[in-house]
Amino acid sequence: MHLSPAPRPRLLLLTAAALAAFAANSLLCRLALRGGHADPAAFTCIRVLSGAAALWLMLRLQGRGRPAGDWTSALALFVYAIAFSFAYVSLGVGAGALIAFGAVQLSMLGIGWWKGERPGPAQLAGLALALAGLIYLVMPGLAAPDPLGAMLMAVAGVAWGVYSLLGQGRGDPVAVTAGNFLRAAPFALLSLLPFLSRLRVDTEGWVLALCSGALTSGLGYVIWYAALKGLTAIRAAVVQLSVPVIAAFGGVVLLAEPLTPRLVGASLAILGGIALTVLVRRRA
């Protein structure tokens, strides 16, 4: 059964589910890479290959036809995944989130503006409020980020913005995402070659990478592509500002990180800005 453009309540549910998957993916990557359970190249390869396998199996079981997608989207997907993994080795969580999501916003908003999307005053105010909340949230962790790590995280953010925009208006989300993952698999395998002597993955690393690939990446991106059918580029960019908030609260619940007044205040600002941008209609 093909997913059709969603009415507003279903669109909100799809968007919320995709953003939760992105946040969960951040937690899985953080646990695996910063916990020393896998190296970046191995984690990325397992993530991409397991996502491709899970989505191909989903297509076969549901009889949805052949994988779709395209090589440009696949390359953007791979660049995001590999750059994100290597950047997380040297960047702190706060600096990484700010760089990545700042790059996502700039790329998606810039392309949306170039395509003719013009936000109204309420949407501009919402964007400013959400960005201010994100900066307030991550500011305590900002020091002098590693230049190479910062560059890689910016590349990851731009690649994700491009991947999201390429997914707007496409066909069956499962077929498109499966095709993109299958095309990204050769890139992931080739990326292992320079690191063969340094590859490492323990049991926990395998579990985290497989969950990241099959569930929070593969299935999460299917849901995101379905949601993109009802989102403009500007709204798609801004709603993703909620991901660091969701991930931060996930850290509170799952990793016993402290719930601070700063986290609560920044979250209210980010979510309030998203509400202004998404719920207030722009005047024609």
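This is a predicted model: local features need pLDDT of at least 70, side-chain atom pairs count only at pLDDT 80 or more; totals for chains, interfaces and linings use all residues.
Which residue with positive phi follows α1?

**View 1. Helix α1 and the residue after it.** Gly 36 follows α1. Its phi is positive, near 75 degrees. Helix α1 itself covers residues 8–34. It has 27 residues. From first C-alpha to last, α1 reaches 38 Å, close to the 39 Å expected at 1.5 Å a residue.

**View 2. The crossing of α1 and α3.** Helix α3 spans residues 71–90. The axes of α1 and α3 come within 10 Å and cross at roughly 50 degrees. The two helices are therefore oblique to each other. Their crossing is right-handed. On the α1 side, the contact is made by Asn 25, Ser 26, Cys 29, Arg 30, Leu 33 and Arg 34. Tyr 80, Phe 84, Ser 85 and Tyr 88 contribute from α3. By class, this contact has five nonpolar, three polar and two charged residues.

**View 3. The crossing of α2 and α8.** Helix α2 runs over residues 40–62, and helix α8 over residues 203–228. Their axes come within 7 Å, crossing at roughly 50 degrees. That makes α2 oblique to α8. The crossing of α2 and α8 is right-handed.

**View 4. Residues between α2 and α8.** From α2, the contact residues are Phe 43, Ile 46, Arg 47, Ser 50, Gly 51, Ala 54, Leu 55 and Met 58. Those from α8 include Trp 206, Leu 208, Gly 213, Ser 217, Gly 218, Tyr 221 and Val 222. Sorted by class, the contact of α2 with α8 has 13 nonpolar, six polar and one charged residues.

Methods: Residues are numbered from 1 along each chain as its sequence is written. Side-chain values use heavy atoms; hydrogens and water are left out. Axes are lines fitted to C-alpha atoms, for helices over the stretch in contact, and angles run from 0 to 180 degrees between N-to-C directions. Helices (H or I, at least four residues) and strands (E, at least two) are DSSP runs, numbered from the N terminus. Angles under 35 degrees count as roughly parallel, over 145 as roughly antiparallel, 65 to 115 as roughly perpendicular and the rest as oblique. A crossing is left-handed if the near helix is turned anticlockwise from the far one by less than a right angle, and right-handed if clockwise. Contact means heavy atoms within 4.5 Å. Ala, Val, Leu, Ile, Met, Phe, Trp, Tyr, Cys and Pro count as nonpolar, Asp, Glu, Lys and Arg as charged, and the others, Gly among them, as polar. The expected span of a helix is 1.5 Å times one less than its number of residues.
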